[in-house]
Each structure stands twice: as C-alpha cells, then as structure tokens.
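Please have the sequence and the picture open while I speak.

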Amino acid sequence: MIALLKRDLALATRAGGGFGLAVAFFLILCALVPFGVGPETSALRPIAPGILWVGALLSCLLSLDRIFALDHEDGSLDLLATAPIPLEAVTALKALAHWITTGLPLVVAAPVFGILLHLPGQATGWLIVSLLIGTPALSMLGAFGAAITVGLRRGGLLLSLLVLPLYIPTLIFGTEIIRRGAEGGDPTTPILFLAGITAGVMALVPFAAAAALRVNLR
Amino acid sequence: MSLLAVHDLAVARGGIRAVEGVSFTLDAGEALILRGPNGIGKTTLLRCVAGLQLAVDGRIEMAEDSVAYAAHADGLKAALTVTENLRFWAQIFGGGNVEQALTAMDLTALADRPAAALSAGQKRRLGLARLMVTGRPLWVLDEPTVSLDAASVERFAALVRAHLAGGGAALMATHIDLGLGEARVLDLTPYRARPGRPPGRPAGFNEAFA
C-alpha cells in the first residue's frame, strides 16, 4: 500500500504531475483580491478569512479530476481493482496523496498569503490550524466526486457541481475559526465541528468512493 | 481442482447480451484461447472473469485473488521508468522478481528509460512482464500480442508456456496464431446471444447510470 502512495507522490512531483499548481492558483487569487477591493486594511481585514478559505478550496478543486482520471485512462485503475488491495484503501491512499501534494502546500503557503490580505498576526495560527484540520476533508470529498465522474469525458464541471455543495460545511466552520481567532474570541466550537466533519468524512467517504468506482468500472 | 470453472455464463455489454450459455473449465497447466468475430463479447467475458464486471447469468468459480488481468491498456505511467513501473506492480501484488521479468521480455537494456520513451511494442512487452511479477496463477489476457513483432510473439509464447509448466493457466482472446499448439480453442460464434430475449436480471439503477 505504501507503494501506491509513493508512486502517486512521485508522479505528482515529476514533470507534468501538477505539483505546485494549487499553490500558484492560491497565490494568484490572494494577490488579485487587493487589486479588486482596494489595498486598505479596513477593506481587506474583514474578508481575509473568507478569501483565504475560498482560495484554498478552489485551488484544491483544480486538481481533483486527476485523482482517478489518469489511472482510468492508462488502465491502471482496472489493474488496481484486481490487485489484492481493497478499493477502499486505494481511494483513501489516493486522497491522502492528493492532500500531501495539494492540501499540505496550501497550509504551508497560507500564512504568507495571509499577509497580502492584512490578516491580523494573532489569527495566523488559527489559519494554519483550520486549514490543517479542514483540507483533508476537501481531498477526501474530492476523491468521492472524482470516483463518481471517473468514466466521463470532460467530467470536470460535473465534478465541481457535485463536490462544491459538500465543501460548504468545511468552508463555514473553517472561516469561523479564523474570524473568531482574529477577533480574539474562543474558536473551540468551530474547531470541534470542523474536526468532526473531517473525521466523519474520512471514516465514511472511502467506502462511498470505492462503491462509486466499482459501478463505474463495470 | 480446476483453477477456473465457468458455468452457463451470459455477459452483456451496454445492457445488451453479447454471448450466453458459455461453459468451460481451465485446469492448472492449461491454456484456452477464445476466438470469434469482433463485438461478440470476448473482452466482456474476460472482464467478467477478472471480476471487473458482473455476469448477467451463470456462475464463475475460482479461488479468490487468483487472476492477473491484462487488456488493451497496459497501466503504465509515462513519467516512471520501466523498472519503477514494474517494481510498483510487484509491490502492489506482494513480491515477484522484477529482474527476472525484465529479462524474460528482453527489457533489461531499457530498464532505466521512462515509459514515455518506449515504442508501442516495448510498452506491450512491459505490460506483459507485469504478469510475471503478480505471482497470480490465472492469466486473463485480452489481445496480448497487439503491436508485438514476430520475435516478441515467440518470446511471449515461451513466457506463457513457462507459466503453464509452473502450474498456472491462461485464458486469452486473440486473433493470431501464438504457436501454442497445446492450447485449446473455444470459438464463441455459436454462443452469440439470440436477440429479443430480456436480460436475466433486472437492469437496476447501476445499469441506468453506467
């Protein structure tokens, strides 16, 4: 199973693997917002948590269709389905590989981009915490959407339509953590809700994604 | 104990029955070649045996995790080298000698080349070398010799023969002569499904969204 994770990481970091795409998109978005709404702290500070989370979410969405589509095209998915690893583990590992190559760089880059949006210094810690807890759920839900649309040509739009509503709870609680952190309030409640969502998603979605894959391979 | 027993199998492609009433058994050391015109359902039947598709009717009996499947797509990653591709599948299937498989399909000289730089025939040879590292007894092969030259077809026949001698079995769909004189041939033409008969099981939701 480690072999599958290693292969996906190697593929993502080699030429044409799309590593860094999410961070680049995130940077573009965070750099453009001050041009759009004006560079004043009073304008940027209230919307910074929302922009950061929406940016992370959209960057994550960008590479979702690659999770299964590439393996489906070259036949690896058929072979993985006949391999001794259960499909549930395959989906979980591929979501994990997606998180390591997409979610984790976002977590690392977000504090820097927070400066661009005049995010208060005391909220930076909460930004990291919220992304660290929330982004695994984004990758896992994305793997589910990718599993549903795997056989479709140009399935990207359908994938976004399917996945975005599922991202809304994560987005709401993720931004709430940063907003409360920025105002000096107590973010425990939204953290617990976000952690609960992520835990539930990680426990249940691999099975749903594997079931969707089985239907699609038929 | 036979490695594979198929009883009265009916398979459907796109909701329409392709072949029906197919029965055969495959013992260790045996090879069976499926023949028939295009579209009769050879690929569909092989996918059913490999467990990638559900049969419409009939039974397939075999030990769990005994199939190594190879189809038109070789499952290669262009960014990985020949050795990395093969080692990945060896690890996924739990062991298997990569060096030996490379030698058997004459890929040693290409071992460090990225799969993107291989020709179609070389890719196919790598796809077939993968069968060796799976360690599975039953090979299910769909047109294994596509884009192989004469020498490689011979090498492939030797590979299959060695697999059979080692207690394995092979089920193949192919149009060309592999030089495997001992292989049985099953012509699917008489099993073509008669039109107008409803599928054995209700199509259900999955079929509607397929």
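Predicted model: local features only at pLDDT ≥ 70, side-chain atom pairs only at ≥ 80, totals over all residues.

Residues are numbered from 1 along each chain as its sequence is written, and chains are lettered from A and ligands numbered from 1 in the order in which they are written.

Chain A has 9 helices and 0 strands, where helices (H or I, at least four residues) and strands (E, at least two) are DSSP runs numbered from the N terminus. The C-alpha trace of chain A spans about 55 × 35 × 30 Å along its principal axes.

Now please find helix α7 (residues 121–148) and helix α9 (residues 188–217) of chain A, whose axes come within 8 Å and cross at roughly 20°. Such axes are lines fitted to C-alpha atoms, for helices over the stretch in contact, with angles from 0 to 180 degrees between N-to-C directions. That angle makes α7(A) roughly parallel to α9(A), since angles under 35 degrees count as roughly parallel, over 145 as roughly antiparallel, 65 to 115 as roughly perpendicular and the rest as oblique. Which classes of residue make up the contact of α7(A) with α9(A)? There are 21 nonpolar, 3 polar and no charged residues, where Ala, Val, Leu, Ile, Met, Phe, Trp, Tyr, Cys and Pro count as nonpolar, Asp, Glu, Lys and Arg as charged, and the others, Gly among them, as polar.

Turning to the two chains, 22 residues of chain A are in contact with 24 residues of chain B, contact being C-beta atoms, placed from the backbone, that lie within 7 Å. On the side of chain A that touches chain B, the largest share, 5 residues, comes from α1(A), and that side divides into 12 nonpolar, 5 polar and 5 charged residues.

Finally, in chain B, strand β1 (residues 4–13) and strand β2 (residues 16–26) pair in the antiparallel sense over 7 bridges, pairing being at least two bridges found by DSSP. The hairpin they form has 2 residues between the strands, and there B:Gly14 takes a positive phi near 60°.
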